[in-house]
Amino acid sequence: MKPPKFRYFAPQSVEEALALLAEHAEEARVLAGGQSLVPLMNMRLVQLGALVDINGIGELAYIRPWDGGLAVGTLTRDAALLRDATAAQRLPLLVEATHSIGHPAIRNRSTVGGSIAHADPAAELPAVMLALDAEFEVRSRSGSRTIPARDFFKGYLTTDLKDGELLTELRVPGLPSRSGSAFVEFSRREGDYALAGVAAVVALDEDGTIADARLGLCSVGPMPVRPRAAEALLRGQRPGDEAWSNAAAAVVAALDNPPSDIHGSADYRRHLAEVLTRQALASAAERAERNR
Amino acid sequence: MQDEDFVMIRLKVNGVTHRVVVEPRRLLSDMLREDLGLTGTNVGCEHGVCGSCTVLVDGQSVRSCLMFAVQANGHEVMTVEGLAHEGKMHPLQEAFWEKQGLQCGFCTPGFLMTAYELLQHNPNPGEEEIRSALAGNTCRCTGYQHIVDAVRSAAQAMAEVGATVPSGSGA
């Protein structure tokens with residue numbers, strides 16, 4: 001199938017893009033990597049009046065140190081993030097999760113911002129951003145606002161982005177010393193959409209107990225899930241199978257009706273969430289030990 | 001190049017400059033096949049999962065079914081037709097032939113372009129690395145083993161020949 005006609009614009013600056021988005025409002029969609037949008041357009045699941053192609057706005061692609069972590073321009077290609085030494089050093093969780101995104105040809109075009117703005121429930125980066133308490137900068141012709149990740153994802157393919165707004169920067173705080181992270185997902189074949197995925201961070205105290213833990217799950221609901229009750233259970237505990245099992249049980253209890261589809265039943269997704277949570281926490285804790 | 005019903009784009013394909021008039025909604029895959037007659041690039045799914053449409057844009061593999069032709073304006077594209085040089089098959093093509101890495105051939109151009117990119121970055125990939133790099137290309141005929149063998153064989157042949165092997169694009 002082919003997309004129906006649309007008006008095409010290729011702004012060369014953020015200001016130009018914002019003016020176009022303001023002018024065309026609900027008729028406009030932003031084209032970044034296109035790896036999620038163009039399939040929808042090809043299948044006519046989305047129809048738009050104006051396509052605002054932001055691939056010419058070079059100023060939106062960057063990875064910079066910020067607050068011990070990173071400030072990432074939304075047009076940064078996933079493939080570029082995988083090659084970036086600063087990202088690997090400061091936020092290996094982000095890099096590890098990005099390895100699971102699709103395939104090389106997808107990652108050469110897909111962008112970090114696109115994944116966040118599109119908010120597919122199976123997407124890895126929204127779950128990671130949620131676990132790391134990232135904040136998102138959004139600009140429009142009337143100004144800019146900063147949205148914390150926990151307020152950004154509203155539902156299935158739904159975010160807090162309004163007509164006329166453009167996601168410009170993702171800011172991810174750094175992790176404490178003596179911490180380790182891991183991203184684990186399960187799919188039928190490499191590169192397939194995850195049936196479930198877990199991002200975990202474990203930070204250790206001087207005495208080796210868990211000072212803090214973070215969890216973010218994808219593909220277990222319409223939005224990424226941040227199971228705070230499970231995180232609270234982990235604080236002060238000794239790292240080990242008992243702690244991971246208790247946390248994993250709490251994660252499963254927190255899941256509100258995981259999806260059931262041809263790829264897996266709700267029960268299977270709960271099972272995966274339990275197993276992957278234990279694996280991710282164990283891996284994160286082991287890496288935290290090595291960082292002590 | 002804004003807000004026109006038809007747009008004139010200028011791009012290099014396999015080293016040759018082309019000027020094409022397209023609608024903005026024209027996919028790169030369809031432009032290559034129908035406007036330029038380069039039917040080596042195949043269209044299997046039109047939503048990015050099968051890999052048959054894989055080409056290189058500015059040296060990077062992309063799904064040509066997920067790019068609009070207008071986005072390739074001013075850029076360089078390499079298709080499977082750009083692999084052979086002066087009538088001689090690229091070592092990858094030789095290897096696919098020798099190792100029976102194809103049957104119907106529909107997926108083959110996509111595999112060749114993906115493998116070409118792999119070997120540019122990793123001239124000596126192991127089996128796992130090959131399978132991982134090719135995981136985004138679907139084959140309905142071969143069961144993949146001969147494809148993996150072909151890529152390994154090509155890597156060996158290219159290493160024996162030396163640092164660079166010319167391809168049709170001259171890139």
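L157(A) is partly exposed because its relative accessibility is 34%; buried means under 20% relative accessible area, exposed over 50%, and partly exposed in between (1.4 Å probe, protein chains only). The model is predicted: local features need pLDDT of at least 70, side-chain atom pairs count only at pLDDT 80 or more, and totals for chains, interfaces and linings use all residues. Residues are numbered from 1 along each chain as its sequence is written, chains are lettered from A and ligands numbered from 1 in the order in which they are written, and side-chain values use heavy atoms, with hydrogens and water left out.

**Confidence**

- The predictor assigns the complex an ipTM of 0.95 and a pTM of 0.95.
- Chain B has a mean pLDDT (the predictor's confidence in each residue, from 0 to 100) of 94, and 94% of its residues reach 70 or more.

**Positive phi angles in chain A**

- L157(A) is not a glycine, yet has a positive phi of about 55°; L157(A) is located in the loop between strand 8 (153-155) and strand 9 (158-159) of chain A.
- Helices (H or I, at least four residues) and strands (E, at least two) are DSSP runs, numbered from the N terminus.
- D133(A), also not a glycine, has a positive phi of about 55° and sits in the loop between helix 8 and strand 6 of chain A.
- D133(A) counts as partly exposed because its relative accessible area is 29%.
- Most residues other than glycine have a negative phi.

- Not counting residues up to four places away in sequence, I116(A) is in contact (heavy atoms within 4.5 Å) with residues including L125(A), M129(A), F136(A) and L170(A).

**Helix 1 of chain B**

- Within helix 1 (residues 28-35) of chain B, L28(B), S29(B), D30(B), M31(B) and L32(B) are buried.
- The buried residues of this helix pack against strand 1 (7-13), strand 2 (16-22), strand 3 (54-57) and strand 5 (76-78) of chain B.
- Just after the helix, G37(B) takes a positive phi of about 70°.
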